[in-house]
Amino acid sequence: MSDLHRHIIVALITTDVHARDIVEELRKEQVLTIMDFNWQKQLRYYYDEELTEVCKVQQIQATLLYGGEYMGATSRLVITPLTDRCWITITGALHIKLGANPSGPAGTGKTESTKDLAKAIAILCIVFNCSDQVDFHLMYTLFSGLAQTGAWACLDEFNRIRVDVLSVVAQQLLQIRKGLLSGEDDFKFDEKVIRIRQEFGCHITMNPGYAGRTELPDNLKVLFRPVAMMIPDYGLIAEIMLGSEGFSNAKLLSKKMV
């Protein structure tokens, strides 16, 4: 196989294994109605009956618009129960025009889960690594650009930013949220009137236990839904990664790995 085809097939198998597991779980739990929570909690895609061009993504009470962004043949994350729980928090937060705040130790998939959900609903996700050099002018430029393009911001290690900058960032995000809730195409951001697209979302990730990290101000905390990310299921991840790469005895090999 060519490299491109291999990328495509691996991504398809990775997502299809998750789909297979969902069907098995639904059968095991004897889910008989679409109102059952085990069905409602899945990420589901619907075409609007009247507007056939509009694809909607639903998860529990959240309804988001499919972004239609072309990413190319990208690799996909192995979806574990932890990823599902993180996604439920993010979609629920976006539904009420807030952001999500996955926090936990390094290597638990905070940024990757956010990026992979963006891939799943075809939205561009810009990952920005924060540091104590970041000032509010830089954040203003970042937010105004992303709000106009309808992309997501994933602000990595957000609590490295100085607390005086964070309080201004909170005001900027509050202005954007008011713009999103108004449902208008334009909103006033600081002194300028700019366009805004409803797909915009801002998420932050944090490592709370590290030295030199600031505590988030309360006016900023309320704009993000927290979700704790703990150690993922490495056995399941190894099994699906080996399976998608063509190993027929992936289950056995994954046990050896972990």
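Analyst: Let's start with contact, which here means heavy atoms within 4.5 Å. One example is serine 103, which touches Lys110, Met206, Pro208, Val227, Ala228 and Met229, leaving aside its neighbours within four places in sequence. This is a predicted model, where local features need pLDDT of at least 70 and side-chain atom pairs count only at pLDDT 80 or more, while totals for chains, interfaces and linings use all residues. Residues are numbered from 1 along each chain as its sequence is written, and side-chain values use heavy atoms, with hydrogens and water left out.

User: Where does serine 103 lie, and is serine 103 buried or exposed?

Analyst: Serine 103 belongs to strand 4, residues 99-103. Helices (H or I, at least four residues) and strands (E, at least two) are DSSP runs, numbered from the N terminus. Buried means under 20% relative accessible area, exposed over 50%, and partly exposed in between, with a 1.4 Å probe and protein chains only. The relative accessible area of serine 103 is 17%, so this residue is buried.

User: How do I read a nonpolar core, and which residues have the most contacts inside the largest one?

Analyst: Nonpolar side chains tend to be buried together in soluble globular proteins. A nonpolar core is a set of buried Ala, Val, Leu, Ile, Met, Phe, Trp, Tyr and Cys residues joined through side-chain atoms within 4.5 Å. Here the largest core has 34 residues, and Met139, Phe143, Leu155, Phe158 and Leu220 have the most contacts inside it. At least two residues of this core come from each of helix 5 (136-149), strand 6 (152-156), helix 6 (163-182), strand 7 (186-189) and strand 9 (201-204). Helix 6 supplies the largest share, seven residues. There is also a second, separate core of 20 residues, with Leu64, Leu117, Val227 and Met229 among them.

User: What does phenylalanine 158 touch?

Analyst: Not counting residues up to four places away in sequence, phenylalanine 158 touches Cys130, Met139, Leu166, Val169, Ile204, Thr205, Met206, Leu216 and Leu220.

User: Now the open sheet of three strands: what is its strand order?

Analyst: Strands of a sheet pair through backbone hydrogen bonds, either parallel or antiparallel. Two strands count as paired if DSSP finds at least two bridges between them. In this sheet the order is 1-2-3, and the pairing is antiparallel. Strand 1 (44-47) and strand 3 (62-65) are the edges, each pairing on one side only. Four antiparallel bridges join strand 1 to strand 2, residues 55-59. Tyrosine 46 has lysine 56, in strand 2, as its bridge partner.

User: What is the phi of lysine 97, and where is lysine 97 found?

Analyst: Lysine 97 has a positive phi, near 60°, in a residue other than glycine. You'll find lysine 97 in the loop between helix 3 and strand 4. Its relative accessibility is 22%, so lysine 97 counts as partly exposed. Glutamate 157 is not a glycine either, yet it has a positive phi of about 50°. Glutamate 157 sits in the loop between strand 6 and helix 6.
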